[in-house]
Amino acid sequence: MTVHSRILGTGSYLPPRVVSNAELTELLAKDGIETSDEWIFSRSGIAARHYADASVQASDLAVEAARRALEAAHVAANDIDLIVVATSTPDMVFPSTACIIQHKLGIDNQCAAFDVQAVCSGFAYAFTLADNAIKLGQARRVLVIGTEVFSRILDFKDRTTCVLFGDGAGAVVLGESSAEGVLATRLHADGRHVGILCVPGNVHSGVISGSAFLHMDGPAVFKLAVNVLDRVAREALAAAQMTSGDIDWLIPHQANIRIMQGTCKKLGLPLAKMVVTVDRHGNTSAASIPLALDEAVRDGRIVPGQVVMMEGVGGGFTWGALLVRM
Ligand SMILES: CC(C)(COP(=O)(O)OP(=O)(O)OC[C@H]1O[C@@H](n2cnc3c(N)ncnc32)[C@H](O)[C@@H]1OP(=O)(O)O)[C@@H](O)C(=O)NCCC(=O)NCCS
C-alpha cells in the first residue's frame with residue numbers, strides 16, 4: 001500500500017508586542033533615520049509587525065506554535081517521531097533549535113530532531129524533508145516548524161531593510177495517511193546569488209567576524225522572486241498533473257504584497273484566493289507560510305479537501321513549492 005502524508009494540524013504564535021509603522025517611524029527618527037507609514041505600506045503592504053521581548057528565543061515562539069498544532073492534530077507530544085525546524089535566528093550556534101524545542105515540549109522518546117537553513121524558503125525545505133521521511137517509512141508523525149526572531153538581526157540604522165521583517169512561529173503536524181495529502185513538493189537553490197540577501201558574519205575567536213545584521217539588495221531580490229515563484233509553482237502543479245485552476249488557496253511567503261500579487265497574477269489566480277498576513281506580520285521569514293496557513297485554517301477559509309499551494313523564496317537564493325490537499 002502506498003504511504004501518503006497529510007497535514008494533521010496547524011498552529012502558530014506571535015509575540016504580543018505589535019509595532020506599527022507609526023511607532024517604528026518614531027523609533028527610527030530618534031537616530032535621525034527618516035521613514036513613514038506611507039512609504040512602508042505603499043512599497044511593501046506592511047502596516048505592523050510583532051517583536052519578541054529580549055528574553056524570548058526562537059524556541060519559545062516555536063513551542064507555543066507546536067503545542068497548538070499538536071492539539072489541533074490530536075497528537076500527543078511523545079507520539080512525534082521527527083522534529084524539523086526551519087530558522088535563520090536559532091537560539092544558539094549549536095545545538096539545533098529543534099533539540100531545544102524537543103526538550104521544552106517534554107518529548108523524551110529520543111526522536112530525531114534537526115534544523116534546516118534555507119532562510120525564507122526554510123519552511124518549504126523542512127516540510128519537504130518531513131514529507132519524504134513519512135513516504136520512506138522513516139517517520140509517522142513529524143513536527144515541522146518555522147520560527148524566527150528576525151528583529152534580532154535587523155540593523156535599525158538601515159531603513160531599506162529594518163521596516164520589512166518581524167518575529168513569529170508557525171507549525172504543522174504532518175502524519176502518515178491512507179489518503180493523499182501532500183501532492184507535490186519542489187525545491188531549488190542558486191548559490192550565485194548568496195550576496196543579495198545575507199547576514200555576512202560568523203563567530204570567530206569569541207567575536208563576530210563580519211556583520212551580524214541582515215543585508216539586502218531589495219530590487220534584485222524582488223526581480224528574482226517573482227520569476228522563480230511562478231516557475232516553481234508550475235513545476236509542482238505539473239508533477240501533480242494539475243493546473244492553477246485546481247488551486248483553492250495560494251499561500252506565498254509573506255515578503256512583500258507586490259511580490260505576492262505579481263505571483264498570484266502570473267498564475268492567473270484572482271487575488272481573493274491568496275492568503276495575506278504580511279500587512280499585520282511583516283516578513284517573518286521561515287515562519288510566514290505556516291503562520292498564514294494556520295490563520296486561514298482557524299478562521300475557516302481553508303477547509304478539508306481544498307488544494308493549497310504554498311511557496312517559499314529567500315536567501316541563498318532558495319525557493320520551493322508545496323502543493324497539498326487539506
Ligand atoms: C525593499 C523594497 C521595498 C524597496 O522598494 P523599491 O521600490 O525598490 O525602493 P528603492 O530601493 O528603489 O528605494 C527607493 C527610495 O526609497 C528610499 N527608501 C528606502 N527605504 C526607505 C524607507 N524605509 N523609508 C523611506 N524611504 C526609503 C531609498 O533610499 C530610495 O531613495 P532614493 O531614490 O532617494 O535613493 C523592494 O525592493 C522590495 O520589496 N524588495 C524585495 C524585498 C523582499 O521581499 N525581501 C525578502 C525576500 S525573502
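In the predicted model, the shell around the ligand takes at least two residues from each of helix 2 (37-44), helix 6 (159-162), helix 7 (218-239), helix 8 (257-266) and strand 14 (307-314). Helix 7 makes the greatest contribution, with four residues. By class, 12 residues of the shell are nonpolar, seven are polar and four are charged. Among the 23 residues around the ligand, those that come nearest are Thr 35, Arg 43, Arg 159, Gly 218 and Asn 256.

The ligand taken alone exposes 970 Å², of which the protein buries 72%.

The chain is divided into domain 1 (4-177) and domain 2 (182-325), and each of these domains provides at least three residues of the shell around the ligand. The C-alpha centres of domain 1 and domain 2 are 14 Å apart. In the contact between them, 54 residues come from domain 1 and 44 residues from domain 2. Together the two domains bury about 3600 Å² between them, with 64% of this area on carbon and sulfur atoms. Of the area that domain 1 buries against domain 2, 16% is supplied by Cys 120, Phe 123 and Tyr 125, more than by any other three residues.

Conventions. Residues are numbered from 1 along each chain as its sequence is written. This is a predicted model: local features need pLDDT of at least 70, side-chain atom pairs count only at pLDDT 80 or more; totals for chains, interfaces and linings use all residues. Side-chain values use heavy atoms; hydrogens and water are left out. A residue is near a molecule or strand if one of its heavy atoms lies within 4 Å of it. Accessible areas come from the Shrake-Rupley method with a 1.4 Å probe; for residues, only the protein chains shown count as cover. Ala, Val, Leu, Ile, Met, Phe, Trp, Tyr, Cys and Pro count as nonpolar, Asp, Glu, Lys and Arg as charged, and the others, Gly among them, as polar. Domain bounds come from an automatic or database domain assignment. Contact means heavy atoms within 4.5 Å. Buried area is the accessible area (1.4 Å probe) that two parts lose on being put together, summed over both.
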